[in-house]
Structure formats: structure tokens, C-alpha cells
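Q: Please take a close look at one part of this predicted model. I would like to follow a single helix and the sheet that goes with this fold.

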Amino acid sequence: MLSEEQSQKHITTGSGDLNGILGGGIHCKEVTEIGGVPGIGKTQLGIQLAINVQIPVDYGGLGGKAIYIDTEGSFMVERVYQIAEGCISDIMEYFPCHHDKSSSGQENLQPESFLAGIYYFRICSYTEQIAVINYLEKFLGEHKDVRIVIIDSVTFHFRQDFDDLALRTRVLSGLSLKLMKLSKSYNLAVVLLNQVTTKFTEGSFQLTLALGDSWSHSCINRLILYWKGNERCAYLDKSPSLPVASTPYAVTSKGVRDAGSSSCKRVRVM
């Protein structure tokens with residue numbers, strides 16, 4: 001098991017600092033929850049991961065495909081194309097000699113090929129969300145090159161349409177168990193994007209991730225995104241193997257990058 005963990009590759013986030021607090025990036029065979037306030041860059045990070053998982057093995061990536069389950073309608077293809085172009089330009093910058101030698105690599109390093117590597121599901125109700133997650137096992141059996149499943153966001157329909165909170169907890173626990181099993185069985189990363197809500201604690205209201213305390217046990221890693229003045233920051237709140245840590249990051253025209261790579265603060269890209 002130790003040997004297997006040590007040989008496991010990670011999916012880069014696009015930010016070296018963010019990779020640093022995550023132990024190299026997003027881990028395969030694990031469920032990672034990413035939460036934060038609106039406009040902080042959750043969807044941007046989700047799209048970035050869907051692109052980065054496709055970086056060819058020759059360039060240090062996994063060379064896999066992505067499943068993107070969109071419950072909010074925030075997946076913008078123009079933005080995906082833009083992030084793919086940013087990823088390709090970074091590859092060409094870091095591997096100029098390697099890129100010139102590989103003609104097959106040149107063919108694959110096109111924004112259109114990155115878009116074709118994302119299997120997109122648009123979800124309009126919690127029943128559809130349950131159905132798609134139940135369907136994933138069959139889909140993954142037919143598409144064994146998938147290395148990441150992103151749900152953006154896991155909470156949206158369950159917060160809108162569910163009145164019975166006890167039933168909601170049981171249904172979500174069942175879905176999280178299924179996703180954990182899929183991540184182990186198919187050697188892929190599961191990333192769950194989550195919204196925030198307010199919680200009354202010690203005489204005041206505080207922001208916390210949605211779906212309550214019982215849901216917090218459903219993921220292995222938890223990353224919380226927040227504003228620190230005009231700077232975006234990420235806080236690793238939970239991990240079985242990594243210390244609690246935080247780091248700034250930036251959302252640029254090329255995607256998620258280190259904070260120092262952008263002079264623009266608190267600017268929405270789309």
C-alpha cells in the first residue's frame with residue numbers, strides 16, 4: 001500500500017503554491033471537497049482540473065479524461081477553451097525541445113482536443129444528479145481513461161428542493177460512499193465543489209460549508225477558498241496525511257496560477 005501511494009501521480013491545480021499545500025496536487029483514489037463563497041474561483045479551479053488531467057504523460061501529466069457534472073449551469077465552453085490555451089502555452093514554455101520532437105504531441109496539444117476530453121453532464125434536479133452518479137460505474141467501465149470526476153456543485157439541487165433534512169443526509173451519504181468506491185476502483189480523483197451557508201456559533205453567524213456536519217465526513221480532503229482583502233487564498237482544512245496550511249492563489253486569463261503571476265486582484269474573468 002505504501003509503495004502504491006508513493007507511486008501515485010497527482011493532478012496539478014495550475015498553481016505551484018496550491019499544489020504545495022495539497023502534497024503535489026489533487027490525489028487520485030481520494031474524494032476532495034472544495035468550498036467557498038460565490039466568485040472565489042471554485043468553477044475556475046474545477047475547469048482547470050478538467051484540463052490539467054489531460055496533460056500528456058510525456059509532459060508530466062496523467063494523460064486522462066475528465067467527467068464534469070454541472071448542476072448550476074456555470075460551465076462556460078469559451079472559458080474552458082481559454083484555460084486549455086493557457087495550459088498548452090505553459091507546456092510549450094516548459095518543454096520547448098520535447099515539444100518540437102514529438103509530432104504526435106503537437107497534434108494532441110490543441111484546445112479542441114482538450115475540450116473533446118471532457119465528458120459533460122448538465123443536471124437540472126436532484127433526481128437527475130442521483131441517476132447520473134448511479135450511472136457513473138457503467139460509464140467508467142466503458143471509459144477507463146477517465147481520471148477525474150468533478151461535480152459543480154454537489155449541493156445546489158439538494159439545498160433547493162429537499163425539505164426532509166434527515167432523508168437528504170441519508171441520500172447524500174449514500175452518494176458519497178458510491179463516489180469513494182468509484183475513486184478507489186477506477187483509480188481516479190473525485191472533486192466535489194460546495195457552496196457556503198451561515199451557521200450560528202457562539203453568539204454570532206459564521207460562514208461554513210453547506211450540508212452540515214454530517215456531510216463533512218464524506219470527503220477525505222477539504223480545501224476552503226476565501227478572500228483575504230483583495231487576494232484569493234486557499235486553506236487546507238482537512239487531510240489525513242497533510243498539515244493544515246494556507247496559501248494565496250490567483251485566477252488569471254490563463255486559469256488558476258500562483259498569486260505572484262497576476263497583478264490583477266479580485267477581477268472576475270467571465
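A: Two strands count as paired if DSSP finds at least two bridges between them. Strand E6 (residues 146–152) and strand E7 (residues 189–194) run parallel and are joined by five bridges. Within this pair, Ile-150 stands opposite Val-191 in E7.

E6 and E7 belong to an open sheet of nine strands with mixed pairing, in the order E5-E4-E6-E7-E3-E10-E11-E12-E13. At the edges stand strand E5 (118–122) and strand E13 (255–258); each has a single partner strand, so one side of each is left without a neighbour in the sheet. On average, neighbouring strands are turned by 25 degrees against each other, direction ignored. Helix H4 (residues 77–94) packs on this sheet, where it touches E5, strand E12 (245–252) and E13. The direction of H4 makes about 40 degrees with that of E13.

Now the helix to be followed, H10 (residues 165–185). Its 21 residues, at 1.5 Å a residue, should span 30 Å, and the end C-alpha atoms are 30 Å apart, which agrees. Buried in H10 are Arg-168, Leu-172, Leu-175, Ser-176, Leu-179, Leu-182 and Ser-183. These residues cover an arc of only 120 degrees around the axis, so they lie on the same side of H10. On the face turned away from that buried side are the exposed residues Arg-170, Leu-177, Lys-181 and Ser-185. For these labels, buried means under 20% relative accessible area and exposed means over 50%. After H10 comes Asn-187, which has a positive phi, near 50 degrees.

How values were computed:
Residues numbered from 1 in each chain as written. Predicted model: local features only at pLDDT ≥ 70, side-chain atom pairs only at ≥ 80, totals over all residues. Heavy atoms only, no water. Helix = DSSP H or I, 4+ residues; strand = E, 2+ residues; numbered from the N terminus. Axes fitted to C-alpha atoms, helices over the stretch in contact; angles between N-to-C directions. Contact = heavy atoms within 4.5 Å. Expected span 1.5 Å × (residues − 1). Buried < 20%, exposed > 50% of the residue type's maximum accessible area, 1.4 Å probe, protein only. Arc of directions from axis to C-beta.
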